[in-house]
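I am opening the notebook on this entry and will write down each item as I look it up.

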Amino acid sequence: ISCSSSPLTSTHSSLFLSLSQIKMGFLKTKGEIYKAVEDVDVGPNSNQFYLTANVKAPRMAGFLVKVFAWLLETPIFGSIMLYFLKRNNLIHKLVTFAELQESPLYVPLHYYEGGKEEENQSGASPREQVRQALGCMVAPKPLYSFSRWTILDYSTAYNSKLITPTKVMERFLSAVEHSSTPSMQMSFFINFDAHDILRQAAQSTHRYQQGEALSVLDGVPIGIKDEIDCMPYPTTGGTKWMHKVRKCKDDAECVKRLRSCGAILVGKTNMHELGAGTSGINPHHGTTRNPYNIGRIAGGSSSGSAAVVAAGLCPAALGVDGGGSVRMPAALCGVVGFKPSFGRVSHSGYAAISGPNSSHHSQTALPTLCFPMLKSPKPIPNIRLAKYGEWFNDCNEEIRVCGSRALEKLHDNYGWETIEVTIPEIEVMRLAHYVSIGSECTTSIGRELEKLNKDEVGWDARVALSVYGSFSSQEYLNAQRIRNRQLQFHKRIFSMADVIVTPTTGVTAYTIGNDTRHTGELDYINGAALVRYQIAGNFLGLPAITIPVGYDNSHLPIGLQFIGKPWDESLLIHIAFSMQALCISQYKNPEVFWDLLAN
């Protein structure tokens with residue numbers, strides 16, 4: 001409460017105190033009293049009740065979003081609205097006033113306990129790591145009716161003198177220009193520099209001509225999400241203002257590693273503003289559209305990164321996954337999305353970018369980087385997949401059927417066993433993660449927000465920030481106790497299985513409304529369905545990967561997710577690779593696609 005002695009401030013102070021007393025009085029919600037972890041059954045016959053997301057909010061866009069944002073930002077009425085929003089969506093019952101025995105756990109960094117890794121080297125440079133990874137990979141793939149070019153395909157084409165990086169980048173720039181025409185408006189990128197791209201391409205072309213390619217990544221186009229620092233671009237975070245108050249002075253560590261391997265960094269991909277949404281609808285930089293249907297969302301928040309891969313502009317792109325922000329858009333756009341263990345890399349990625357920050361020593365040593373042996377024609381035997389049936393089935397029918405058929409394929413072809421388990425308190429975990437990431441977001445940018453003109457922030461982001469700023473220290477502490485509790489549940493489940501399997505999202509890509517262009521949208525029901533299977537990977541720091549396994553009746557992609565044990569990326573990738581091998585022959589080309597390696 002302000003210390004000013006003005007009558008207006010004094011009135012506000014007394015009103016806030018009265019509201020606080022009301023909250024602690026007759027309006028206080030009775031909190032959940034949680035059992036001890038050891039008393040909760042995680043087996044298939046558990047009496048644990050599966051609680052679906054209790055989202056009570058209509059979809060809003062256009063003028064309605066503006067009104068809602070204004071109301072939330074008013075000192076008195078906004079506080080009352082936020083109180084009832086949190087109560088009605090069970091945050092008060094399940095988090096705020098809950099009684100828990102566990103101590104708070106603030107960082108989900110795990111001790112390494114070993115794993116089923118096949119090959120590893122430690123202390124290697126990014127180029128050496130790429131060389132080692134290449135030695136573990138399978139021979140060139142057979143031709144299918146449709147498949148995207150891989151990093152290895154680009155390298156092979158360059159080494160065979162079939163095409164040069166310069167020619168590929170000329171095609172790339174032509175495609176990006178075409179994608180921005182009024183008939184498409186794909187909004188893949190927030191920023192790209194044609195001169196810088198062609199400069200990188202010319203250097204790579206020269207290296208190949210001299211027989212001095214730096215690695216298999218040399219000359220390969222890779223997009224960078226616009227919340228990762230990458231010179232010479234500003235980092236906007238999908239906003240109109242962040243680059244003005246926070247200057248980009250150097251590459252992020254993950255970008256440095258890619259650059260050292262010769263990758264061509266083709267620009268900053270579009271994203272949901274501040275990463276505070278699941279649709280990828282951005283009122284400042286345009287809405288990234290889904291290459292499988294340009295009238296549908298690409299998903300968020302790493303919308304541009306998923307879409308450029310789906311559209312054939314890049315064989316790989318970097319995203320940031322704080323709440324499914326890599327895996328959701330990957331699933332909706334029909335590509336692979338991979339989130340490593342918490343602490344494995346700076347921002348996101350694998351192989352070339354894995355390792356601690358080169359500028360300082362981490363207090364916790366990273367486990368040895370291991371690569372899956374994908375050369376073997378036979379998959380790893382005796383894999384056990386943990387499936388929580390009620391959770392798995394909490395999606396639309398087409399996704400449920402497609403995911404179930406994928407599991408049948410794994411059993412019929414590899415003999416892998418799906419075992420039924422119960423993962424307790426999933427909705428509690430989602431709410432606790434929401435409290436955590438929201439609190440940390442406002443804390444990290446709080447000073448900048450105080451000085452900012454609100455008109456520079458999108459309307460949907462203003463709503464999100466109002467909700468984030470309403471979380472109390474009590475709510476945050478209880479959320480961290482729930483993190484500790486959920487980690488113990490998952491450790492017990494991983495003692496019975498190698499991975500957890502789920503659909504990646506509860507819905508496929510939905511339609512972009514005509515009323516979202518200038519305000520964004522609030523669609524918490526679809527948002528809850530999109531994040532339904534994402535939270536454990538982030539809240540608990542677990543590695544996770546999504547693989548395309550089919551399509552719905554509208555020809556929109558469906559993804560299947562595998563969640564692994566901490567640091568067990570090698571096994572996770574092996575499982576995903578084996579799943580992809582059973583589905584790739586049925587992959588369909590998107591409506592929007594460019595073949596940059598065409599003869």
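**A buried salt bridge and its surroundings**

I began with Lys-268, which forms a salt bridge with Asp-226, the closest N and O atoms being 2.7 Å apart. I then located the two partners and found that the pair links distant parts of the chain, with Lys-268 in strand 5 (residues 264-269) and Asp-226 in the loop between strand 4 (221-225) and helix 9 (242-245), 42 residues apart. Both Lys-268 and Asp-226 are buried. I note here that the model is a predicted one, and I read every entry below with that in mind.

I looked next at Lys-225, which forms a salt bridge with Glu-227, the closest N and O atoms being 2.8 Å apart. Are the two partners buried or partly exposed? Lys-225 has a relative accessible area of 0% and is therefore buried, whereas Glu-227, at 29% relative accessibility, counts as partly exposed. For the model as a whole, I recorded a count of 25 salt bridges.

**The loop between strand 4 and helix 9, and what follows**

I checked the peptide bonds, and the one from Met-231 to Pro-232 is cis, with omega near 10°. Pro-232 is found in the loop between strand 4 and helix 9, the loop that also holds Asp-226.

I then turned to Arg-246, which is found in the loop between helix 9 and helix 10 (253-260). Arg-246 counts as partly exposed because its relative accessibility is 38%. I also took the C-alpha to C-alpha distance from Arg-246 to Pro-234, which is 8.8 Å in space, for two residues that are twelve apart in sequence.

I listed the residues that line the largest cavity, among them Tyr-50, Leu-51, Thr-52, Asp-394, Ala-528 and Arg-532, together with Ile-426, Glu-427 and Arg-430. Which element gives the largest share of that lining? The largest share is three residues, and it comes from helix 15 (residues 426-451).

Glu-427 and Arg-430 both lie in helix 15, three residues apart, which is about one turn of the helix. Glu-427 is buried because its relative accessible area is 6%, and Arg-430, at 16% relative accessibility, counts as buried as well. I also noted a network elsewhere in the list, in which salt bridges that share partners join Arg-59, Asp-515 and Glu-521.

**Backbone entries**

I found another cis peptide bond, from Gly-300 to Ser-301, with omega near 10°. Ser-301 lies in the loop between strand 7 (293-297) and helix 11 (303-310).

I then looked up positive phi values in residues other than glycine. Phi of Leu-90 is near 70°, and Leu-90 is found in the loop between helix 3 (75-88) and helix 4. Phi of Asn-382 is near 60°, and Asn-382 has its place in the loop between strand 10 (369-371) and strand 11 (384-387). Which of these two is buried and which is exposed? Leu-90 counts as buried because its relative accessibility is 18% and the cut-off is under 20%, whereas Asn-382, with a relative accessible area of 62%, is exposed.

**A record entry and a surface patch**

I consulted UniProt, where an unreviewed entry places the feature "transmembrane region" at residues 63-85.

Last, I looked at the surface, where Tyr-106, Val-107, Leu-109, Phe-342 and Leu-477 form a nonpolar patch with about 410 Å² of accessible area together. I placed Tyr-106 in the loop between helix 4 (91-96) and strand 2 (119-121). At 43% relative accessibility, Tyr-106 counts as partly exposed.

Technical notes:
Residues are numbered from 1 along each chain as its sequence is written. This is a predicted model: local features need pLDDT of at least 70, side-chain atom pairs count only at pLDDT 80 or more; totals for chains, interfaces and linings use all residues. Side-chain values use heavy atoms; hydrogens and water are left out. Patches are made of residues with over 30% relative accessible area and no salt bridge: like charges are joined within 9 Å, nonpolar side chains (Val, Leu, Ile, Met, Phe, Trp, Tyr) within 5 Å. Accessible areas come from the Shrake-Rupley method with a 1.4 Å probe; for residues, only the protein chains shown count as cover. A salt bridge is a side-chain nitrogen of Lys or Arg within 4 Å of a carboxyl oxygen of Asp or Glu. Helices (H or I, at least four residues) and strands (E, at least two) are DSSP runs, numbered from the N terminus. Buried means under 20% relative accessible area, exposed over 50%, partly exposed in between (1.4 Å probe, protein chains only). UniProt positions are given in the numbering used here, feature names are shortened, and annotations may be inferred rather than shown by experiment. On a 1 Å grid over the protein atoms alone, a cavity is a set of points where a 1.4 Å probe fits but cannot get out, and a pocket is an open set with protein on both sides within 12 Å along at least five of seven lines; lining residues have an atom within 4 Å of a point.
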